[in-house]
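Colleague: I would like to go through the terms used for this fold. Please set each value against its definition.

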Amino acid sequence: MNRESVQTLIQSIRRELSQAADVHTRQTASHFFKEEVRVYGVKTALVTSIAKQFFQPIKDLTKDNIFSLCEELWKSGLMEEAFIACQWSYQVHDRYEEQDLSVFERWLQRYVSNWATCDTLCNHSVGTLLEMFPVHLARIKTWTQSENRWMRRAAAVSLIIPARKGKFLADVFQISDCLLTDGDDLVQKGYGWLLKAASQAYQAEVLSYVMENKVRMPRTALRYAIEKMPADLKKQAMEK
């Protein structure tokens, strides 16, 4: 796909998003974020539909070409374009290779600037890659030491879907250990969510972890971690 074709496709997507935008969605988008976000103002379901529509003519391109198109969308800084990039990168998950983590890591470092794009990329593309290539779990854990809050959150939320399936419990606890006293509430919510996901398969183990660490664990993370547990266990965990 040559440069001219790429630009034509990207321009078509942007025209479609602009036409689909509405003032109410644009005005209410900022309510969900502490940081400034740039949006067209298109409802998520419609963004998903547009992503599917424009993926059809490119689905037979090489994975690297599709990743290049994704990067063009990420560069805009607009949330809807980032969502389309995330959907496209997941669409080719059956073609993932071990080295693709470097691509996702670069996107996290350069372009992710809010919890929504962080979670959308990590829950699906990064999480699936980790299931395919668990050797990368060691690299994911290094993200917990990043100065970038989204990298630290990414370390946790990348394991959400595998954790729901009962996978990687030891790694879930190791990542939670690294983030346990993180002062950023969005990182706290990220690893609390991870523990909650793990509790669906390992309730007793997650409760034991919470009980052992609740004195040091921020209440935000604790509440997330126990959200799916029965009322009596929640009460036990919340007692000081």
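Modeller: Start with contact, which means heavy atoms within 4.5 Å. By that rule Leu-169, Phe-173, Ser-176 and Asp-177 in helix 11 meet Glu-205, Val-206 and Tyr-209 in helix 13. The contact residues divide into four nonpolar, one polar and two charged. Here Ala, Val, Leu, Ile, Met, Phe, Trp, Tyr, Cys and Pro count as nonpolar, Asp, Glu, Lys and Arg as charged, and the others, Gly among them, as polar.

Colleague: What kind of model is this, and how are residues numbered?

Modeller: This is a predicted model, where local features need pLDDT of at least 70, side-chain atom pairs count only at pLDDT 80 or more, and totals for chains, interfaces and linings use all residues. Residues are numbered from 1 along each chain as its sequence is written, and side-chain values use heavy atoms, without hydrogens and water.

Colleague: Why are helix 11 and helix 13 called roughly parallel?

Modeller: Helix 11 (residues 169-179) and helix 13 (residues 203-213) pack at about 20°, with axes 12 Å apart. Axes are lines fitted to C-alpha atoms over the stretch in contact, and angles run from 0 to 180 degrees between N-to-C directions. Angles under 35 degrees count as roughly parallel. Therefore helix 11 and helix 13 are roughly parallel.

Colleague: Why do helix 4 and helix 6 get that label?

Modeller: Helix 4 (residues 63-75) and helix 6 (residues 101-110) pack at about 5°, with axes 11 Å apart. They are therefore roughly parallel. Phe-67, Cys-70, Glu-71 and Trp-74 of helix 4 touch Val-103, Phe-104, Arg-106, Trp-107 and Arg-110 of helix 6. These residues divide into six nonpolar, no polar and three charged.

Colleague: Why is Glu-35 counted as buried?

Modeller: Buried means under 20% relative accessible area (1.4 Å probe, protein chains only), exposed over 50%, and partly exposed in between. Glu-35 has 18% relative accessibility, so Glu-35 counts as buried.

Colleague: Where does Glu-35 lie, and which residues does Glu-35 contact?

Modeller: Glu-35 sits in the loop between helix 2 (23-29) and helix 3 (44-55). Beyond neighbours within four places in sequence, its contacts are Ser-113, Asn-114, Trp-115, Arg-149, Trp-150 and Leu-186. The C-alpha atoms of Glu-35 and Ser-113 are 8.2 Å apart, across 78 residues of chain.

Colleague: What makes the radius of gyration agree with a compact globule?

Modeller: The rule is 2.2 Å times the number of residues to the power 0.38, and the radius is taken over C-alpha atoms. For 240 residues a compact globule would be near 18 Å; the protein has 19 Å, which agrees.

Conventions. Helix = DSSP H or I, 4+ residues; strand = E, 2+ residues; numbered from the N terminus. Parallel < 35°, antiparallel > 145°, perpendicular 65-115°, else oblique.
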